[in-house]
Amino acid sequence: MRLLTHNMLASNIKGVANGFPLKIEVGQVVEKHVDLNPEFLKNMFAKLDYKVLVEASKTMGYADLPEQAEPSMLESEDFLRKLNHALLELHLEEGALVCPETGRKFPVNKGIPNMLLHEDEV
Amino acid sequence: MPHKIAQIRLISSHPEVYEPCDDSFALVDALQADCKNLIGHRPNICLEIGSGSGYVIASLALLLGGEAWRPYFLATDINPHALKVTSETLKAHGVHAELINTNIASGLEARLAGLVDVMVVNPPYVPTPEEEVGCEGITSAWAGGENGRTVIDKILPVADKLLSDKGWLYIVTLTANNPSGLCIEMKKKGYESRIVLQRSTEEESLHIIKFWRDPEALLEANEAKMSNKAGNGNAIGSLLSQLSHVFMEK
């Protein structure tokens, strides 16, 4: 699971009001190269919760993203490379996503988060 | 030059996972036929609901992956075995999609709303007794409940939520699902539609429908709603005038 996906996921348990962001518990992180695609990154930047991305990438062991970002920084290749790395190259291979409200854990195995709910959570 | 799609010999399998069949081939053929438009569409995010063997999402990733423009691919399935198989199929073709084990798009609806530019769905569309819907394993790949519409009718509102303003939805349906009725219902939500592929096999008659948001259809739908309201308003108005008549007479 990439951190862009993490940025799109929220706890789906019935009755949870603030299910975002899910806290990441790291078992194993893997890195896979992704070619830089500036236009895609620029489009996605507008949709991102950047602060959540910064925290998530720190949890995954990558602390090079600036704390604050604004659209003008997308002209800098250095920033785009960092954004590319954090969003697309880091994968949570094993671990869990934790609902911020209830503490319920959604396991991540082989890079696939299991968001299936139990009957009493739907 | 024909665009690449997934190769059958590279599709992984599992006893509890639906193998690519006529419906899967019809959907991929429809995507391939629309490939030029899809590339020109420059989607940022593509989502498949119910990826099964991974044949469709791998084909979509191959069709769109050769360009400088590379979208982000997401795929969900309720069946964990299916995601394992999808993952192996993607790997065998050298493409990547983010996989999520979930029911339809549960967990994604809040944050992914309005962001999906291309959505593909080969839903469980076979008419079955209602209690078979949502059963574990391979049954979840085909059991569609009454008229095969139970799951389709759950997916369409989710699609409406997730699709971006320029979003396209490709969905496999059967004659028994009443495809033209589906188009009329989606028109009320502001979607234009076209049956992009129709194919009769020995067992079923398949229709691949493409839906897209159309500002005019939305306007018409809103006007229809407004005139309904206005109609009600008139009814109340005439009732009031009749009442006032009654009072006047007294």
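## Polar contacts and the salt bridge

Between chain A and chain B, 12 residue pairs are in polar contact, both residues at pLDDT 80 or more. A polar contact is a pair of N or O atoms within 3.5 Å; within protein, one must be able to donate a hydrogen and the other to accept it, and residues adjacent in sequence count only if both atoms are side-chain atoms. This is a predicted model: local features need pLDDT of at least 70, side-chain atom pairs count only at pLDDT 80 or more, and totals for chains, interfaces and linings use all residues. Residues are numbered from 1 along each chain as its sequence is written, chains are lettered from A and ligands numbered from 1 in the order in which they are written, and side-chain values use heavy atoms, leaving out hydrogens and water.

One salt bridge links chain A and chain B (a side-chain nitrogen of Lys or Arg within 4 Å of a carboxyl oxygen of Asp or Glu). A:Glu39 pairs with B:Arg42 in a salt bridge, with the closest N and O atoms 2.9 Å apart.

## Buried area

About 2,200 Å² is buried between chain A and chain B; carbon and sulfur atoms give 59% of it. Buried area is the accessible area (1.4 Å probe) that two parts lose on being put together, summed over both. A:Met8, A:Ile112 and A:Leu116 supply 26% of the area that chain A buries against chain B, more than any other three residues.

## A:Thr5

A:Thr5 is buried, at 1% relative accessible area (buried means under 20%, 1.4 Å probe, protein chains only). Beyond its neighbours within four places in sequence, A:Thr5 is in contact with B:Tyr72, B:Leu74, B:Glu98 and B:Ile100 (heavy atoms within 4.5 Å).

Definitions and conventions: Buried < 20%, exposed > 50% of the residue type's maximum accessible area, 1.4 Å probe, protein only.
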